[in-house]
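Biologist: I have a model to go through with you. For each label, tell me the rule behind it.

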Amino acid sequence: IKGGDEPVREEILARFREVLEGEASTRADICQALLEQDTGAFEDAFSSLLMDWTKEIKFQERSTGRDEIVFAGARYIFVEGLALLRVAEMIGITTQEEYPYCPKEARAPLNTPFPDDGYPK
């Protein structure tokens, strides 16, 4: 998204849409909004993605075959959503402070990690 040739990025998205064979795709819409740096389109597509995630979580709640370890975190934190928000912000798309499954605490700026020798003094 950041850097690279615009025609190459557009070709990748065109191939993605081609594979979809006319089916609607929230993720393709998000990619389009990111490429166009369109805040409104990103917000609409991201809201749709959050609705899809809510449906998935509700399905997983009723599923007896779910991975309990994955579900334990996924019902509160949407990692893909957090990543998309970070990318959007990196390219100048304005986002809300907080979204369902994407709490503001999980969106805090990255800090310097602990030194290699273990814990801070």
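Modeller: Start with burial. Buried means under 20% relative accessible area, exposed means over 50%, and partly exposed is in between, with a 1.4 Å probe and protein chains only. By that rule, 28% of the 121 residues of the protein count as buried.

Biologist: What kind of model is this, and how are its residues numbered?

Modeller: This is a predicted model, where local features need pLDDT of at least 70, side-chain atom pairs count only at pLDDT 80 or more, and totals for chains, interfaces and linings use all residues. Residues are numbered from 1 along each chain as its sequence is written, and side-chain values use heavy atoms, with hydrogens and water left out.

Biologist: How many helices and strands does the protein have?

Modeller: Five helices and zero strands. Helices (H or I, at least four residues) and strands (E, at least two) are DSSP runs, numbered from the N terminus. The pattern along the sequence is α-α-α-α-α.

Biologist: What radius of gyration does the protein have, and what would a compact globule have?

Modeller: The protein has 17 Å, whereas a compact globule of 121 residues would have a value near 14 Å. The radius is taken over C-alpha atoms, and the globule rule is 2.2 Å times the number of residues to the power 0.38. The C-alpha atoms fill a box of roughly 50 × 40 × 25 Å along the principal axes.

Biologist: Which residues of helix 2 are buried, and what covers them?

Modeller: In helix 2 (residues 26–36), Thr-26, Ala-28, Ile-30, Ala-33 and Leu-34 are buried. Their cover includes helix 1 (6–20), helix 3 (39–62) and helix 5 (79–90).

Biologist: What makes a set of residues a nonpolar core?

Modeller: The members are buried Ala, Val, Leu, Ile, Met, Phe, Trp, Tyr and Cys residues, joined through side-chain atoms within 4.5 Å. The largest such core has 22 residues. Those with the most contacts inside it are Ile-30, Leu-34, Phe-42, Phe-46, Phe-78 and Cys-102. Helix 2, helix 3, helix 4 (68–74) and helix 5 each give two or more residues to this core. Helix 3 gives the most, with seven.

Biologist: Which residues does Cys-102 contact?

Modeller: Contact means heavy atoms within 4.5 Å. Leaving aside neighbours within four places in sequence, Cys-102 is in contact with Phe-46, Phe-78, Gly-81, Leu-82, Leu-85 and Arg-107.

Biologist: Why is Tyr-99 called buried?

Modeller: Tyr-99 has 6% relative accessibility, so it counts as buried. Tyr-99 is found in the segment after helix 5. Not counting residues up to four places away in sequence, Tyr-99 touches Glu-43, Phe-46, Leu-50, Leu-85 and Arg-107.

Biologist: Is Tyr-101 buried or exposed?

Modeller: Tyr-101 is buried, because its relative accessible area is 19%. Tyr-101 also has a positive phi of about 70°, although it is not a glycine.

Biologist: Why is Gln-37 called partly exposed?

Modeller: Gln-37 has 49% relative accessibility, so it counts as partly exposed.

Biologist: How many positive and negative side chains are there?

Modeller: There are 14 positive and 24 negative side chains. Lys and Arg count as positive, Asp and Glu as negative, and His and the chain ends are not counted.

Key:
The place of a charge is taken as NZ of Lys, CZ of Arg, CG of Asp or CD of Glu.
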